[in-house]
Amino acid sequence: MQLAGKHVVVVGGSQGIGLETARLATQAGATVTIMGRSLEKLQAARDRLSHVHTVAMNIADEDAVHQAFAEVASIDHVYIAAGSFVGGKILDGSVEQFRPAIESRLWGSVYVIRAAAPKIPAGGSVTLTGGLSTDRPVVGAWVTSVATAAAEQLSRALSLELAPIRVNAIAPGWTDTPMWDDILGAAKQGAFQDVATKIPTGRLATAEEAARAVIFLMSNPAITGEVIHTDGGHRYV
Ligand SMILES: NC(=O)c1ccc[n+]([C@@H]2O[C@H](COP(=O)([O-])OP(=O)(O)OC[C@H]3O[C@@H](n4cnc5c(N)ncnc54)[C@H](OP(=O)(O)O)[C@@H]3O)[C@@H](O)[C@H]2O)c1
């Protein structure tokens, strides 16, 4: 299934891997709708990519998700990039600080799939986002690890339940996106240099490289229940 003439919806499409997916999909001739919380970020994305539709919504708000998808007549492919890194050790602070990780990546994905799947034809697809933390957990980020594992497992389980709609996931490793500006600020470049020495490929992935995996999963009608890792082999070291 080629993407020309198809409608691709990217939830979390205003920056980073989602924005690159939207850009590659428009280049391939798809009609693209991007969703995210910030109107400012959506506007900036619309300025960068001409011809994208934008819808503001928070993936963790079930009513907002259903309202956003009610505005969309038909969908061929959905990519869910929305999700955040939530740190903290399990015995520290309150449980409340950890809930957003699960609310957005697991329940948010569930809300999107329930709203979108009835509009997706056979052979269309949903792509979820897991991450390196599934296979390579680090101290102080247990909930992010659990949330990315849940997204990856959701793709396997729903590939059967939603068939013939295809359901896959990408599992990015360290990827140079605006997410890290928010988390690391001025320390970003130093942290990137340090982590690059530990990755077998010797470099971080770009947002475009991760997005190319999403486009591949959307475009290949033989693939479902698959998780593609764009981590440069980092999960093995
Ligand atoms: N970059 C990495 O190294 C890396 C590694 C492993 C996994 N990942 C995962 O890959 C995905 C994309 O990463 P990225 O680095 O491209 O992230 P990013 O630069 O932070 O972009 C995230 C996008 O999702 C939107 N978003 C976030 N929370 C949302 C919510 N609750 N509802 C709706 N939209 C939401 C953001 O817009 P608004 O803020 O306006 O909502 C933005 O468009 C994320 O799930 C991330 O956790 C990234």
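**Salt bridges across a predicted fold**

Glu20, Arg23, Arg48, Glu208 and Arg212 are linked in a network of salt bridges, a salt bridge being a side-chain nitrogen of Lys or Arg within 4 Å of a carboxyl oxygen of Asp or Glu. The model is predicted, so local features need pLDDT of at least 70 and side-chain atom pairs count only at pLDDT 80 or more, while totals for chains, interfaces and linings use all residues. Residues are numbered from 1 along each chain as its sequence is written, and side-chain values use heavy atoms, with hydrogens and water left out.

Helices (H or I, at least four residues) and strands (E, at least two) are DSSP runs, numbered from the N terminus. Arg212 is partly exposed at 48% relative accessibility, as is Glu208 at 29%, where buried means under 20% relative accessible area, exposed over 50% and partly exposed in between (1.4 Å probe, protein chains only).

The count comes to ten salt bridges. Another of them joins Asp176 to Lys188 at 3.2 Å, N to O; because Asp176 lies in strand β7 (residues 175-176) and Lys188 in helix α7 (residues 188-196), the pair ties together parts that are twelve residues apart in sequence. Asp176 is partly exposed, with a relative accessible area of 36%, whereas Lys188 is buried at 10%.

For the protein as a whole, the secondary structure comprises eight helices and nine strands, and 49% of the 237 residues count as buried.
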